[in-house]
Amino acid sequence: MGEERGNAEWLRQYNQTAHGKAHDRLLDFRKTGEVTVARVQVEELCHPQVPQRLRQELTHHLEGTHTPQVVLDLSEVQYVASAVIGALVWADTTLKARGGRLALAGVHWRLHELLELCGMGKLMPTFPRPEEA
């Protein structure tokens with residue numbers, strides 16, 4: 001627990017400085033039936049540690065669940081670093097290997113354009129709201 005809290009310090013400081021918010025976790029998980037909605041709690045996914053943290057939190061969640069259907073709710077996110085695309089590909093591949101899928105919801109137009117540019121739009125379905133995924 002102490003190590004996880006220490007690893008989250010950069011996230012709290014980053015959000016407190018940039019947005020006046022302090023979160024210990026990047027994702028907030030909520031199970032709805034057979035689907036887990038993972039809401040991103042920050043407005044920017046630009047910090048160099050974000051891709052690694054995204055992988056860690058998803059891995060930790062998947063270890064404790066039998067629900068490999070995940071909707072990543074990006075409604076709060078305004079900016080995304082290109083390195084995060086790699087983390088999304090990893091999540092999609094990991095979930096598909098478990099017989100599941102990754103869907104994206106609340107995708108900002110900037111991220112949507114980036115996904116289309118990278119050819120990811122066909123791999124990961126996007127929806128306006130988590131309820132529609």
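The structure is a predicted model, in which local features need pLDDT of at least 70 and side-chain atom pairs count only at pLDDT 80 or more, while totals for chains, interfaces and linings use all residues. Residues are numbered from 1 along each chain as its sequence is written, and side-chain values use heavy atoms, with hydrogens and water left out.

The secondary structure of the protein chain comes to four helices and seven strands. Helices (H or I, at least four residues) and strands (E, at least two) are DSSP runs, numbered from the N terminus. Read from the N terminus, the elements follow the order α-β-β-β-α-β-β-α-β-α-β. The protein chain has 133 residues, of which 41% count as buried; buried means under 20% relative accessible area, exposed over 50%, and partly exposed in between, with a 1.4 Å probe and protein chains only. Contact means heavy atoms within 4.5 Å. Of the contacts between residues at least 6 apart in sequence, 68% join residues at least 24 apart.

Five strands form an open sheet in the order S1-S2-S4-S6-S7, with mixed pairing. Strand S1 (27-32) and strand S7 (126-127) each have a single partner strand and stand at the edges, so one side of each is left without a neighbour in the sheet. Two strands are taken to pair if DSSP finds at least two bridges between them. S1 and strand S2 (residues 35-40) run antiparallel and are joined by six bridges. Within this pair, Arg 30 has Val 37 of S2 as its bridge partner, and Leu 27 has Val 40. The two strands form a hairpin with two residues between them, and Gly 33 in the turn has a positive phi of about 65°.

The pairing of S2 with S4 is parallel and extends over four bridges, with Thr 36 opposite Val 70 in S4. S4 also pairs in the parallel sense with strand S6 (residues 101-105), over five bridges; here Leu 72 stands opposite Leu 104 in S6. Four of the five residues of S4 are buried, so this strand is largely enclosed by the rest of the structure.

Helix H2 (residues 50-63) packs on the sheet, where it touches S1, S2 and strand S4 (69-73), and its direction makes about 30° with that of S1. Axes are lines fitted to C-alpha atoms, for helices over the stretch in contact, and angles run from 0 to 180 degrees between N-to-C directions. H2 has 14 residues and reaches 20 Å from its first C-alpha to its last, close to the 20 Å expected at 1.5 Å a residue; the expected span is 1.5 Å times one less than the number of residues. Its buried residues are Val 50, Pro 51, Arg 53, Leu 54, Glu 57, Leu 58, His 61 and Leu 62. Seen down the axis of H2, these residues fall within an arc of 165°, so they line one face of the helix; the arc is that of the directions from the helix axis to the C-beta atoms.

Asp 92 lies in helix H3 (residues 83-97). With a relative accessible area of 6%, Asp 92 is buried. Apart from neighbours within four places in sequence, Asp 92 is in contact with Leu 102, Leu 123 and Met 124.

Gly 121 is found in the loop between helix H4 (109-117) and S7, and is partly exposed at a relative accessible area of 25%. Residues up to four places away in sequence aside, Gly 121 touches Leu 115 and Glu 116. The C-alpha atoms of Gly 121 and Leu 104 are 10.0 Å apart, with 17 residues of separation in sequence.

Pro 128 is placed in the segment after S7 and counts as exposed, at 54% relative accessibility. Leaving aside neighbours within four places in sequence, Pro 128 is in contact with Ala 105 and Gly 106. Its C-alpha atom is separated by 9.5 Å from that of Asp 73, which lies 55 residues apart along the chain.

A disulfide is defined as a pair of cysteine sulfur atoms within 2.5 Å, and by this rule the count comes to zero. Cys 46 is partly exposed, with a relative accessible area of 36%. Cys 118 is likewise partly exposed, at 43%.
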